[in-house]
Amino acid sequence: MRTLYHHPLCPFSRKVRLVLAEKKLEFEGHVERYWERRDDFAALNPAAEVPVLVEEGGTALADSAAICEYLDEVHREPPLMPAEPHGRAEVRRLVGWFDGKFHREVTANLVGEKVIKRLTTSHGEPDSRAIRAGFAAIHQHLEYIGWLAERRTWLAGAQYSLADVAAAAQISCIDYIGDVPWDRHPNAKDWYARVKSRPAFRPLLADHLPGVPPPRHYADLDF
Ligand SMILES: N[C@@H](CCC(=O)N[C@@H](CS)C(=O)NCC(=O)O)C(=O)O
């Protein structure tokens, strides 16, 4: 059985969980408190970051973008990358956008400051300036998601892809702490409702971090 080292509020871990579920691949989940920097975990990934996927034969794969593309290449159905190069370039651009820009400007400022700092205790108090910056930045990102989804159906085109997975992974972490201003972004909300209703999303909606309960609407498909 393959093992996924992950953390429920790590968006990069959520990407891999979503891809495994889309492809109906079974795995054992191991919640890694990555801030403790266990030696055995660092031996699997020199960056000491989650997610890490250890395949049945013992091969350890790290970095969510590398893992997701690997899974898509080895397990073809359903495909989460387009068949032609322009389409793949667009998916990779958007995955880079959500893993990089969105995470830096929004997720790290909101989930990182409000929850992860508290879990890790030694990292100090939430920075209210960072939280304000996160709330300020989320609007333009939700507008962009809504704009793309309205024109293309899914973010990178007509097919659900790793771009949708990357965006939904970030947003679902923020939704877990109740900080997504859905009322002001109806197109993004419509897209997220479609993502949320995919069977592969169910395990994420069942997440319940001890001491950090999600708001009621988090698991609600009609939010
Ligand atoms: N590029 C990596 C980023 C992974 C990452 O940043 N993971 C965070 C948790 S969300 C982590 O493990 N950080 C280690 C640390 O803060 O010590 C990926 O896509 O997998």
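Predicted model: local features only at pLDDT ≥ 70, side-chain atom pairs only at ≥ 80, totals over all residues.
**Peptide geometry, aromatic contacts and cores**

User: Where is P78 found?

Analyst: The peptide bond that runs from E77 to P78 is cis, with omega near -15°. As for its place in the chain, P78 is in the loop between α3 and α4.

User: Is A48 buried or exposed?

Analyst: A48 is found in the loop between α2 and β3. Its phi is positive, near 55°, although A48 is a residue other than glycine. The relative accessibility of A48 is 5%, and buried means under 20%, so A48 counts as buried.

User: Is R37 buried or exposed?

Analyst: R37, found in the loop between β2 (27-31) and α2, is not a glycine, yet has a positive phi of about 50°. Its relative accessible area is 55%, and the cut-off for exposure is over 50%. R37 is therefore exposed.

User: How many aromatic pairs does the count come to?

Analyst: Two rings form a pair if their centres lie within 6.5 Å. By this rule, the count of aromatic pairs comes to twelve.

User: What kind of pair do the rings of Y176 and Y218 form?

Analyst: The centres of the Y176 and Y218 rings are 5.1 Å apart, with the planes at 75°. Planes over 60 degrees apart count as edge-to-face. The pair of Y176 and Y218 is therefore edge-to-face.

User: How many residues apart in sequence are the parts that Y176 and Y218 tie together?

Analyst: Y176 belongs to helix α6 (residues 162-176), whereas Y218 lies in the segment after α8 (202-205). Y176 is buried at a relative accessible area of 2%, and Y218 is buried at 1% relative accessibility. The pair ties together parts whose separation in residues is 42.

User: What kind of pair do the rings of Y192 and F201 form?

Analyst: Both Y192 and F201 are buried. They belong to one aromatic cluster together with W182, W191 and F223. The ring centres of Y192 and F201 are 5.9 Å apart and the planes stand at 90°, so the pair is edge-to-face.

User: Over the ring of which residue does the charged end of R198 sit?

Analyst: A charge over a ring occurs at F223, where K189 lies over the face at 5.2 Å from the ring centre. For R198, the distance from the charged end to the ring centre is 5.8 Å, and the ring is that of W154.

User: Which residues touch the most other members of the largest nonpolar core?

Analyst: Nonpolar side chains in soluble globular proteins tend to be buried together. In this model the largest nonpolar core has 59 residues. The members that touch the most others are L155, I171 and W191.

User: Against which helices do the buried residues of α5 pack?

Analyst: Among the buried residues of α5 are A130, I138, H141, L142 and I145. A kink of about 25° in α5 is centred on I138. The buried residues of α5 pack against α4, α6 and α7.

Key. Residues numbered from 1 in each chain as written. Heavy atoms only, no water. Phe/Tyr/Trp six-rings, centres within 6.5 Å; stacked < 30°, edge-to-face > 60°. Helix = DSSP H or I, 4+ residues; strand = E, 2+ residues; numbered from the N terminus. Buried < 20%, exposed > 50% of the residue type's maximum accessible area, 1.4 Å probe, protein only. Lys NZ or Arg CZ within 6 Å of the ring centre and 35° of its normal. Core = buried A, V, L, I, M, F, W, Y, C linked by side-chain atoms within 4.5 Å. Bend = angle between axes of the 7 residues up to and from the residue. Contact = heavy atoms within 4.5 Å.
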